[in-house]
Each structure stands twice: as structure tokens, then as C-alpha cells.
Amino acid sequence: MNGLIPLNLSSLTGRKYWRSLNQLADSPEFRQWVEREFPEGASELLDNGSRRTLLKLMAAGFGLAGLTACRRPVEKILPLSKGVEGYVHGRPLHYATAVASCGIGTGLIIECNDGRPTKVEGNPRHPFSLGATNAFQQAMVLDLYDPDRARQVQKKGVKSSWQEFEAWWKETEATLGDGSGLRILSARTASPSLDALKAEIAKKYPQSAWIEFDAVNSDRIVEGLRLAFGQPLVPHYRFDQADVVVALDCDFLGIDTLTPQPVKQFAARRRPQEGRELNRLYAIESNFTVTGAMADHRLRARASDIGAIALALARELNVSGAELKVLDSGNDRQKKFIAAVAKDLAARRGRCLVVAGPRQPAEVHALVALINQALGNNGQTVSYTRPPFTPADSLAEVGRLAADLAAGRVRTLVVLGGNPVFTLPADHNWAELFRKTTVVALTADENETWKAATWQLPEAHPFESWGDVRALDGTASIQQPQIQPLWGGRSALEIAALLAGRAQRRGYDIVRGYWTAQWGADAEKKWQQALYEGVIEGTRFPAVDAKADAPRVFAAVQSALKPAPAGIETVFYPSWSTFDGRFANNAWLHETPDPMTKLVWDNAALLSPATARRLGVKDGDVLELAAGGRAVRCPAMVLPGHADDSISLQLGYGRSACGRVGRGVGHRIEGLRAAANFWFGPAEVRRTGSTYALVTTQEHHTLIEPITGLKRHNIVEEYTVEEYRRRAAHGGHESHHPTDLFPEFDYSKGYQWGMAIDLNACIGCNACMVACTAENNIPVVGKEQVARGREMHWIRLDRYFSGEEEDPQAVMQPMACVHCEKAPCESVCPVAATAHSPEGINEMAYNRCVGTRYCLNNCPYKVRRFNFLNWNKDIPEVRKMVFNPDVTVRMRGVMEKCNYCVQRIEEKRSQAKAEGRRPIRDGEVLTACQQACPADAIVFGNINDPESRVSKLKREARDYSVLEELNTKPRTTYLARLRNPNPELV
Amino acid sequence: MADLAIDPRMELNPPLVQGGMNYADVTEKISTIVEGRPPKQWYIAMGIAVPLALLLFACLGYLVATGIGVWGNNSPVGWGWDITNFVWWIGIGHAGTLISAILFLFRQKWRTSINRAAEAMTLFAVACAAIYPLFHTGRPWRAAYWLFPLPNEFLHMWQNFRSPLMWDVFAVSTYGTVSALFWFVGLIPDLATLRDRATTPLRKKIYGLLSLGWRGSATQWRHYELAYLLLAGLSTPLVLSVHSIVSFDFATSLLPGWHTTIFPPYFVAGAVFSGFAMVVTLMTLARWIYGLENLITMKHLENMCKVMLATGMIVGFAYGTEFFIAWYSANQYERFIFLNRAFGPYAWAYWSMIACNVIAPQFFWFKRFRTSVPAMFILSIFINIGMWFERFVIIATSLHRDFLPSSWGYFRPTWVDIGTYAGTFGLFLTLFLLFLRFLPSIAISEVKGVLHQQVSAAHGGSH
């Protein structure tokens, strides 16, 4: 009942009800288990002459006991009556795993409650997670329980089965011959086991082709480094070692990083109290990204102008030694900016870094590699390894695939994962092309590709299937399932094994087999170790000590460099909610606003205020964008700080074949995205005259009051490093509390919880918001209710612009309940439903609340959230499995808000008590937002302990309370945002 | 009547009851309203009021079944039309007790012909108001009794007596109870009159029961007068306290625009202002429907216009003071919230309020307007609207842009907001019309007292 239940929902059609999950779990394994009476292996003990087996099992048992017993030793995921050692009912178990996105893996730890994965955390042992996660990883668990996932093997929409599919494949296999009619299309993968299978398939069908395509990929980076170094490489940056970072159209803190690692590194240089010099970030970009918001200096430039800027920078740094031909396109401001940047970089040779984003052409990446080399950064702040994926020019490959499909050369097309019909370049009508052949599509949901396929196969979620993934530096991890496939799906790995003609086609066997072969002796121990730690020792690729070939790069750059065409260009970005459309049915992500625009449940054509004025466009005006004879429609949204004559578009919206959540949400702009303008290119813009309602969670975007024009102080404190040093020298910030009517809070005993949020580290990446949603069962209210101001997030990210409209700075401020000691909410509640705990937490008693909303009115921070309607109504049964059992699901009519993850405090308290009544250690209790935060911007702990991290931060000179003059005495204080300006640019 | 016109004393001090009515005329005139068939206008009015009252119940049912989300309330505007309407109705309820109790204590004889209806209005307005504190809660089925210190499963847990909402509960319920008692005590002699005049056994029985065995003996009158005086004394501080406490809901918060010490007197003045406006609205109508020109005379109406002028000036002064203090405090948030009221997204509401509450009553400086029934009817409607806007402006504009600009919002009512508000009018009118139909809408015994004095003082008349 409580265990890892082999659910099999695939046999269901229509709505069925079950009394227990076991009844529902009608898999052959389960039936067999019922019949067997004893667990697998146990009945063998009764056989005569199996003393050896007994000894083997005992040895295995001892081996397992040595490891923390949360590993499952066998592939079967079985009910807990079979015993997970150390399992205590009601307490979660944690398992390490890893997931890949666009061919790059991140290690995760999954919290499972009674066999249900409910929460995703980062794996501290994994070099690209370091314990943190991003918003997408946090939201993956919701996708697992998405009731709209693909559930049933179908042939052209008619119910079928895996057996029938396998039988069909056996027949087809015989006709494939050398595989000249076979094409396999998958997302970019970084799986050693799958690579082995790919090799087998290539051997079996030498004329076949395996094409990898992702709507968001790093092809151009790899290609650029191939140009520079003569071999395909990927860069590894050490932002923690760089005093000066220059980002060229590179949102390396935001949407351009697939892992938390760069943010972790960068944030390490944002804490001046730790003694290290504050870094300085220059961002040159067209869209206003979170990296731009973190930048000390930011230059707006169109994506197509970045190449010229990089070249100007190279010349300024005298990289080539020879005179470089540079386009004279920049204005004076730009020239001054480049000169100052170059000077700053040159002053910090070996301690600086120039990075370029994946949208930029290969030549720019080659040039950047050259600049870094010239600055002596190689081996210091940047190193290179071979890529963990198979490098290829995926645009050229899919072009060839289209030609083959059109010419009828493809007899069988196997699509392994993803949604290519939606994401492939718009040069071809892929749905049409797919109809020309037999398409076998393994997809996670009934998406556009599924609709176009002959064989429609449900794909297992990464939390349901075995696999292995490599991180960017090659570090391999085992992807271990947390639950049996809910709908009987299979993984790409398993289908690949079928294609390869392997007899052993279960994911576990494939992965285990691959690694056992790698390890040879000692394989069992290493396997257990890999599962336990979530990383496989010694799999990291060695750094390649390569030297960039400057003449070749310059030749390529000079020939590729053309003046950017005048007029408007469009740039494509992955979306913060759907990424490339893969999360389109994920309500958590849709409801989490875009960090810069604060837009929810939509994408928009972002443009600068000047361009909007020139085009006569207001927020919500629907634009028609046309390029290469293709046109799409998208509502406009004005983003201060956006480059002029440039429009930023977000991928992954307007899905036509999608689940209930994502169908028709936003506008599909992939129809504009051909191979020629895959990342950016010129476009025609036309106003259609119609308007569309865009909904944001923040309607006023600055700290400047309208009407008076005055700035509001005491909300965001922001000053320069010099100012900080001055304050730190003077013993910091003086706070004066006037007298109170009510007695002071008693600090004399026990834990006193408090929090410090570092605005200088927070990049505004939304990870905390989604983590909090997952941890605290926060409901989703939908676009219409967000428009009414009824979103439910306990922690939100306030984003304020400052400075001039065309070229503003931005600052992010995470805002959750600050747990005032003199809480304005507490004194006004007539039924005392919100009150202080002895440990200083402002607690909500949901079952006492009658919902007067007076507390909401009186909260100066507006962090209280009211259940205006029953947000948890009509939730499908399977979706309920995502709920955290430690947190109440709130009913309508009651108020709720952040409670410092009190359930996590209690869990650690009970653990500490069980371990000999020891005190809770500092850093033992992590709030969900803190744990997810890749920037370590949130620190929580006992402020009664002067040695705790949070206490130390609160003594910092940068510490301040938001709206301090109200004398609410918040327990959450903030550390001021610092700017490290270059004196030459001030 | 011709004599009256030439008598100089009459010019200075016209009688409270006109048309040369005697005791019998008074009894006859008022009692026949209750005893006879109501006029056509009554049925028309009921035809409007009852469906509206039903709309109220439908809206409340929908609200309770679905959640507060059917209204336009949101974050940051946690209170919208609900508390606006609550304060507005409570304000309306002020004039009744003020007229009955305070004017009684000050021996303002002119009150007699309007006090009964004004008191009834108070009660019905309080009933309408009381709907909102209950139904604006997210869980009214709990709020209905958790807000009272009643024995229940949470007996070990007291209410939070620091909360002004708690004070509100006691203030409003006390006010409602005392007003009802005061009204009922005043009714007893008249109910006995109706009992004595009753022709059907059912009427006799009901009015007999309600008149509590009134015989009109001197002892009974003596006790009655004393009880009435005591209740008047008890009601008087309540008139001041209830709206002061309602204003504490706002004044004790820390929200700019709410957090201000001027609120108690300002709210009381506003309540009297709106209460009198509503009395004028209803009295001019009742006077017209039932032809009560001789009982509700121009003097009554003019006096009420004067009260409206005076309280309107107080309210206008308070608006000015608020702005002055906001500037004088040098508090940025205070300054902003008031400028935002006047020039922000809700400027339309603010200037509507100023136009209705500050400018409209200025017409009452002129006797021509004070003595013109259509003019005062229209102006009283303006004042009613203006006072609604005052509450809306205080609540919505203070909430919609408070401390953190990230959380600013806007409030838009839904059809349920509008339906609920319209519905309270239905309930109010239904109750008021039933009152007109079944109870003496003018205090017969009290008018008789005034009649005697004035007629003898006037020395003239037709007999």
C-alpha cells in the first residue's frame, strides 16, 4: 500500500474508479507478485541445493546494508511489503537520479512519499546541480502526473498494444534490409547506453540515419569551437574565478543555461562579505534578460549586431595582432562601451571571461574563444571538453530528412521523444511530410507529432524509466525510476533496444548491462555507488588543451561579417514557462510569470518602447510577423530596455495538440522559424488591428510613484560597492525602533527562525516560486483569475526597473511573508487564526480562518493569498498524487501564505529528537525556496544562534528590513543589491 | 388657513402639524393607512422591491456556494463593494436613532412626525448592513458563530479582542438591539390604538399581543415616558460609538489612507449626513404616496436640509483636513495615497464624491432649494450616491496602491457585486413598505402631543 506501486493505468479507458492503488495496479508483475506469495528470490530459498543462492543473497544484503538503504537493489519496483530498509511510514524517501534536457544532464534527488515522487531537489554531489535546480526541473513532477499524458499504444488512433507493436516491428524489421529506408529522429541525447545502442543500430542498418534535433540547441557553440580549435568542443566556464564577465547575447544566468551551475558560480562572486572582490558583469544583448538585469553595465544591441561588437572588442583588445576590418555601425555610446570593456578585460587577464549565447553564429563563438585565449583565460576561467552529445549540424540533417521524406526515400521514420512536428524548422510542412511514410512516434503526450504518426507510443517519464545521462562535462549519472510507468509507457532507450534487435529490452537491463561492461569487476559495488550518489566516478571528460587557430577564425569571421540588414529582426528564445513547448501542459510553469515581463499564460512579441512608438503599437496589439513568405501572429508587449528594431519571441506556445492545460495557450511563432532565421533574422511587422488580453502579475514596474514622481525608499536598497565599503567600515546600517505598545518578542529561548535574502545574488530565475508551489501544494488559478489579481504564489519575484525607460536597470526582489514580529495581520484577525509561534513564525491556522481578508488588507507586503474560489476542485485523481502529504490542501474561503516551510522544520525537529535529542544544526532545515535557489540567495536558520549563517548575514552592513519605518520588525531581512560600475562608464 | 397667513407668529413659527388637524384626524389619518387597502403606488413599489430582495438571496446563495471569487475582490483589494456597502448602510442607519434619541433629548418637537419612519429605516438599514460582515467572509458558516464568544468546540480559544472587526461585531449588534428596542417601545401606544380600532379578530389578536396590554393609564404613561427617555439616553452614545467603531476598522490599520485619527468624527458626521439624505429621500416619497403633507411639513424637510448642509460641510472639511495632514505629515505614502485618490485611476470616483458630497449640499444655503421637494429629493439622491463613493474611495483607493508598487492592482465589480447591492435595496424597500403597510408610520401619540401645544399656541385655526 505504501510502497512503490506498479501502477498500470493504461488499461483504462474513460473514467474508472479504484478503491486502492493496488487494485489499480494491475500489471503482470503485480499479478505475478500476488500469485507468488513470496518476493522474487525468496521462494528460491526453499529449493534444495540453493545454499549458494542463500549465501549470495546474504552477501548482497550485507552490501546493501552498508549503503544508506534507500536504494532499490533490483529493477522491480515493488510494494513496500517487500521492504525498503529503514522505511518509516509517513516519512519520505529520497532517491538520486538525473534528467537530460537538450543533451545535457543534471543530477537530481527525488523525494518520494509512499511511493509517489512528489518533490524534486538538486543533487549536491552533481557538478551541474550542486544541490540546486531550475524551475523546469522543479515542475517535472507535475508532468509525471499529468492526466493528459499519452496513455495508450495506438495505431492511427485505434487502440493497440505493445505486443502488437512489437509484432509489427518484427515484420517490418525483415523488410528494412540495410536500413536505407529507416530514419530515427530523436531529441539530442547524452546517454552512454543509448550511444551504444545507436552504434548497434548503425551497424545493423548501415544506410539508416539517426537524426538529433532540439528546438533549443548549442550547435552553433560547438560549431564555432570546431572552427577555432579544429575539433568539436563545449566550453566550461568558471564564473566564480572571473572578476569581469562579458556576456554577448548570452543569458547564461537565465534561459540559456540548462543547469544551475553557472548561477551557483556567478553568485559566489556576489557576496562581498565573504571577502572576495565583487565581480563586474557587462551584458550586451537585444532582449532584456535576467543576465542583463544582473549586469553592472548593459548595452542594448540587436542580435545581428553582436558579431560586429565582438569583432570591435577583439580589435580593441588587439587579439589578432593585425588590423581587423571592423564594421563601423556602432554609435558613440557603443564605441565608448566597448573601449571601456576592453580596458577592463585587459586589466584582468586570466581572471575575466567573455561568453556568447547559443543564438550567435559559429563565427562569433570562434571569435570569443580567441578573445578568451588572448586574455589568458584558457585553463583559468574557461576550459574545453568534448561534448557529451554527438555533435552535428542538426539543421542540415533535418533538411536532408525533409528531402528524403519528400522524395519517398524514407519507409519508416521512428521518432523517439520530443515533438518534432511542432518544433522542426518551418521550411517544410512536417505533418504533411510525415504522412508520406510510416511514422512510429514515442511521445510523452498526445502532441502534434503523435497526431501525425502511424504508431503512437506513450513515452515513459524520466521519473518512470531507467536511463543514464551525461552532464556537460561528461559526468555520467544513472537515471533511476521513482515509480513504475503510470500508463505503461516505455523509454526511448527501450525502443532503441528493440530497433537494435536486442533480446534484452528492459531499460534496467540495458543500463545495467552497459555499465557492468564498462566496470568489469567490482561492477555491483560501483552500480550501487552510482545509484546512491547519483554520479558515476571517473566519467568526467578530461579538459582538452587546444589552441585556437587565429588566422582561420579571422578569415572566417571577416568573410562572414556582413552589415546587419536594417529594419526589424525577430529573435527566438526558449520560454520560461514551456521552454520549447515540452512543458506546454504544465500549469505550474504557465502560472509562474516570465522573470522580466511578468507575463503569465502567454507569450508576446517583446519590443522596445521606441520601436513600439514608431510602429504605433501598445501592449496587447496583435502583430503579424512575416519572413520568408511565412507569417505568424503574436500580441506585442513593450519591454523597457529592449533593443530597438528587434522583436523577441518565445517558443513553445500555441500548441494545437496538447492537454487541457496548454491547448491554445499563447501564440505559435514556430511557423516563422525556418533554418535561415532559426535564431534570428529580418522580418516584416504589421499591425493587424486586433488586440489580445495579456495578463501580468505586476502592473506597476518601478519604485517611482506615478503622480508625484517620487521614488519609494525602504523597499529595495541598492548602492555601489564603494558605498557598501563605506557603510561596512562604519559598522553598517543603523536601525532605530521607536517604542511599542505591545511587548517585545521574547528571544531568550529556543529556536528563533529567520531568513536573509540576498538581492545581490538573486537573479530572479523563478526556481523558488516553482519549488514553493510543489512543496506547499499551491494551487494554480489560471489566466483569468491572475488577471483579477488572485494568483496564489507564496513567494513571488518583484521586478523593478529604474533609470530611463529606454535603458533601465532592473532588480529582482523575492517577496514572501517576512514574518513580522509586530505582525499587522495578527492584530486584526477577529478569530486569531493567524498568530505567532513561540519560535517567531507567523502561522496560519487554516481551519480557524473565516476569511475576513482583513489581514490581507493590513499586510504592507501583500504576501497573503486568499482562496477566493475552490482552486482544488475537480482535480483528476492522478493529479492528486503530486500533493505533498505534509501540507494541508486549503479549502476556499481561507487565507494562506508562507510559513517558512514549517513542515520541514518539524521533520528535522523530530529527526533531531530521534538522534538523541540533539539540537537542530544550522543549515539542516532548508526551506523549499532556499533549497532550490541556484544563487544561494536565500538563507534560513535560527537567529537566536549568533553563529548561524543567517545571524551572520543579519549582522552584515547590507542587511535591511523592507518598509522598516512601519516597525513591523520582519524576520526576513534583505541584503542590499550592489552595483559595481566601471568608473569610465558612469 | 387664511388666518395663518396673516398671523405674524405663524410666519415665525409655523405649526408642526398643519391643515387644522385635530386628535381624531391624526388618528384617523395615520391608522387608515394601516387599516385600509394600500394605494396602487404601494403595489407598484412592492413589485419592484420584492424581486430585488429575491435577487439578494439568489446572489448570496451563489456567493456562499461558490466563494468570494464571484465578487470582484482581489489582492490587494481584499475589501470592495462588500465593506463599502456595509459602511454605507450602517451610515444610513444613523439618522433614525439620531432623530429619535438625540433630538428627543434636545426636545426638538419637530421630530415627532418623522421619527417613527426614521427609526424603521435605521433598523432596516442595519439589517442590510449586517448582511455584509457575515457574507463578506470566506466561510460565513463559520463566521456566523466564531465571531461571537459562544460556547463551541473552540471554547478554549477566545476571539481576538485586539481586532477592530471584533469591536465591530459588538458595536453593530448592540446598536441593532437598542435601536430595535427603542423603536418598539415607541410603538406600543400606537399599537394599542390600532388594537382598539381593529375590526377583525386576527388584527385584534396580533396588535393586542404587540401592544403588551397597553391601557393608556397615567401610571403606564409615566413608566413609558421614563423608559423612552432612558432608551433615548442609551441610544445617544451608540449613535456616536457605532460609526466611530466602524471607522476603527480602518483607522487602526497601518494602511495609508486608513490609518488616520480623524476617522471617528468624520465617519459619524458622514453617517448623519447620509442618514438624513436617506430620510429625505424616503420621506418625500412617503409624503407624496400617502399625502402626508400636513404631518411631514416643509418645516421638517427644511430642518433636515439644514442638517445635511451642516454635516456636508463637516464632511467637506474632513476631506480637506485629510489632504492637509497628508501633506503636513511629510509621510510619502500618506501624500501619495491622497494624491492618488484625486488624480489616480480612481479619480472619477473621488471627484464624483466631491461633487455629490461637497458641492451638492451647498444648494441648501438657499431657501428656495431647502423648501423645494423635487430639489431636495434630487440633492438627497446625490448625497446618497456621494456617500457611497466616499466609502468606496476610502476602501478601494487606499487598498489598490499601498506600499509595494509590485502589488498594485485595480478593483472591478462583477454582476454579483452589483446584484447583491441592488438586492439590499430590495430588502430594505420590502421591509420599509411592509412597515408602512402594517405599522403606524408616524407616531400617533407623539404627534398628538405636539398638535395640542401648537394649536393652542397658535390661538387660531378652524376650531
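Predicted model: local features only at pLDDT ≥ 70, side-chain atom pairs only at ≥ 80, totals over all residues.
Local features need pLDDT of at least 70 and side-chain atom pairs count only at pLDDT 80 or more, while totals for chains, interfaces and linings use all residues. Residues are numbered from 1 along each chain as its sequence is written, and chains are lettered from A in the order in which they are written.

The largest nonpolar core holds 431 residues. Such a core is a set of buried Ala, Val, Leu, Ile, Met, Phe, Trp, Tyr and Cys residues joined through C-beta atoms within 7 Å. A buried residue has 20 or more other C-beta atoms within 10 Å of its own, with C-beta atoms placed from the backbone. Leu248(A) and Leu370(A) touch the most other members. Helix α12 of chain B (residues 263-290) gives the most to this core, with 17 residues. Helices are DSSP runs of H or I, at least four residues long, numbered from the N terminus. Beyond its neighbours within four places in sequence, Leu370(A) contacts Ala228(A), Ala314(A), Val319(A), Ala548(A), Ala550(A) and Val553(A). Contact requires C-beta atoms, placed from the backbone, to lie within 7 Å.

The contact between the chains takes 45 residues from chain A and 44 residues from chain B. On the side of chain B, α8 (140-146), α9 (164-197) and α14 (332-343) each give two or more residues. α14(B) gives the most, with six residues. This side divides into 20 nonpolar, 19 polar and five charged residues. Ala, Val, Leu, Ile, Met, Phe, Trp, Tyr, Cys and Pro count as nonpolar, Asp, Glu, Lys and Arg as charged, and the others, Gly among them, as polar.

In chain B, helices α5 (residues 81-92) and α7 (residues 112-135) pack at about 155°, with their axes 8 Å apart. Axes are lines fitted to C-alpha atoms over the stretch in contact, and angles run from 0 to 180 degrees between N-to-C directions. α5(B) is therefore roughly antiparallel to α7(B) (over 145 degrees; roughly parallel is under 35). Residues of this contact include Phe86(B) and Trp89(B) of α5(B), and Tyr132(B) and Pro133(B) of α7(B). Eleven are nonpolar, one is polar and one is charged.

In chain A, the axes of helices α4 (residues 135-144) and α24 (residues 767-775) come within 8 Å and cross at roughly 20°. α4(A) and α24(A) are therefore roughly parallel. Ala135(A), Gln138(A), Ala139(A) and Val141(A) of α4(A) meet Ala767(A), Val770(A), Ala771(A) and Ala774(A) of α24(A). Seven of these residues are nonpolar, one is polar and none is charged.

Terms used: Buried ≥ 20, exposed ≤ 12 C-beta atoms within 10 Å, placed from the backbone. Contact = placed C-beta atoms within 7 Å. Parallel < 35°, antiparallel > 145°, perpendicular 65-115°, else oblique.
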